[in-house]
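This briefing covers selected local features of the structure shown below, grouped by topic.

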Amino acid sequence: MPSHVLETPEVDLAYDVEGPLPTADGRPPLLLIGQPMDAGGFRALAARFPDRTVVTYDPRGLGRSVRKDGRVDQTPEAQAADVHALVEQLGAGPVELFASSGGAVTALALVAAHPGDVTTLVAHEPPILTVLPDAAAAERARAAVRDVYEAKGWGAGMAAFVAMTSWQGEFTEEFLARPAPDPAQFGMPAGDDGLRDDPLLSDRSWAFSDYRPDARALAAAPTRVVIAVGEESAGTFTARTAEATAALLGGRAVVFPSHHGGFLDGEFGYAGKPDEFAATLRTVLDG
C-alpha cells in the first residue's frame, strides 16, 4: 500500500491508502483501526475489499508512527483526536469504520467527540471493563497480568493475559487466587528480555479498558453504531464487554464469525476466518 505521513504537533502518523481518493464509486472510504495493532494487522481484511478504498494507520507510538510529545501512555481520547485528524486529511468526507479491540474504544470516543466523521461504525469486541457487573474483579485480574509481566517479563505476562482473556464468565475469587500460569502451557518463552514497555501487558493502555462510553452522545450522533462479537468468543472477557457495551447503548451485539482476531489470516500466529469475517462485515456495512 502507498504510505503517507500526517504530521501533527504530537505525532507523525503513518497511514496507508489502497484505492482512489475521492473514491471511485462515491462510497465513503473504509477505515480499519486497532489498538495496540498497527496497519499490518489489517492486511488480510483489507485484501478482501478490493472494490473499496481502504485506509489503515499506525496508532501513535506504534509501528511507523513516531510520538513527539514525550509520553508513553495511551488514551482513547488522544487516539480519537489522531483519527479525526486523519479523516480530515483524507478529505473524502465521513468514513465507514471497522475498529478492533482497543481500536473499538478509540472509535467510540471518536464518534462521541466528532459525530460527523463516521457514517457507520462496527466496533468489534471493545475491551471495556467498566461496563461489566464484575468490573472490580476484572480490574484485579488486569492488575495481576501487569504484576506478572513486571516481575517475570513478556512470556509470563502474555501467558497470564491469555489465561485472563480466555476465562469463561465472571472473574471469581477462584480465578483470582490461581497461580500465574506456566508460559510453556501457551507456547510462550520463559526467558525475560528485560523490557517492560509492552502496551498490552503494562498499564500504559489501561485508559482503554477504563473508558466509559458516552451513551448519550453516541445516541445523538448521526453515526450508525454496531457493536460486534465473535461467535467463538462466547463467555470470554471481550465477548462479555462487547455484549455489555451493546446493552449500554440500547441494543445487542451482532455476531461475527470466529474470535477476537477473526479477521486475521495467520498473522502473529493467530488465525481466524477472514473470508467469512469479511463477508459478514460487508453485509453489516451495507446495512
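A polar atom of the Ser 202 side chain lies 3.2 Å from the backbone nitrogen of Arg 204. The model is a predicted one, in which local features need pLDDT of at least 70 and side-chain atom pairs count only at pLDDT 80 or more, while totals for chains, interfaces and linings use all residues. Residues are numbered from 1 along each chain as its sequence is written, and side-chain values use heavy atoms, with hydrogens and water left out.

**Ser 202**
- Ser 202 is located in the loop between helix 6 (173-177) and helix 7 (206-209); helices are DSSP runs of H or I with at least four residues, and strands are runs of E with at least two, numbered from the N terminus.
- Ser 202 counts as buried because its relative accessibility is 3% (buried means under 20% relative accessible area, exposed over 50%, partly exposed in between, with a 1.4 Å probe and protein chains only).
- Leaving aside residues up to four places away in sequence, Ser 202 touches Arg 146, Tyr 149 and Arg 196 (contact means heavy atoms within 4.5 Å).

**Ala 156**
- Ala 156 belongs to helix 5 (residues 154-166) and is buried, with a relative accessible area of 9%.
- Its contacts, not counting residues up to four places away in sequence, are Val 148, Pro 183 and Pro 189.
- The C-alpha atoms of Ala 156 and Pro 189 are 7.6 Å apart, although 33 residues separate them along the chain.

**Strand 4**
- From strand 4 (residues 54-57), Val 54 and Thr 56 point one way and Val 55 and Tyr 57 the other way, and all are buried.
- Strand 2 (residues 11-18) runs antiparallel to strand 4 and is joined to strand 4 by four bridges (two strands pair if DSSP finds at least two bridges between them); Val 17 has Val 55 as its bridge partner.
- Strand 3 (residues 30-33) runs parallel to strand 4, with three bridges, and Leu 32 stands opposite Thr 56.

Notes. Polar contact = N/O pair within 3.5 Å; in protein donor to acceptor, adjacent residues only side chain to side chain.
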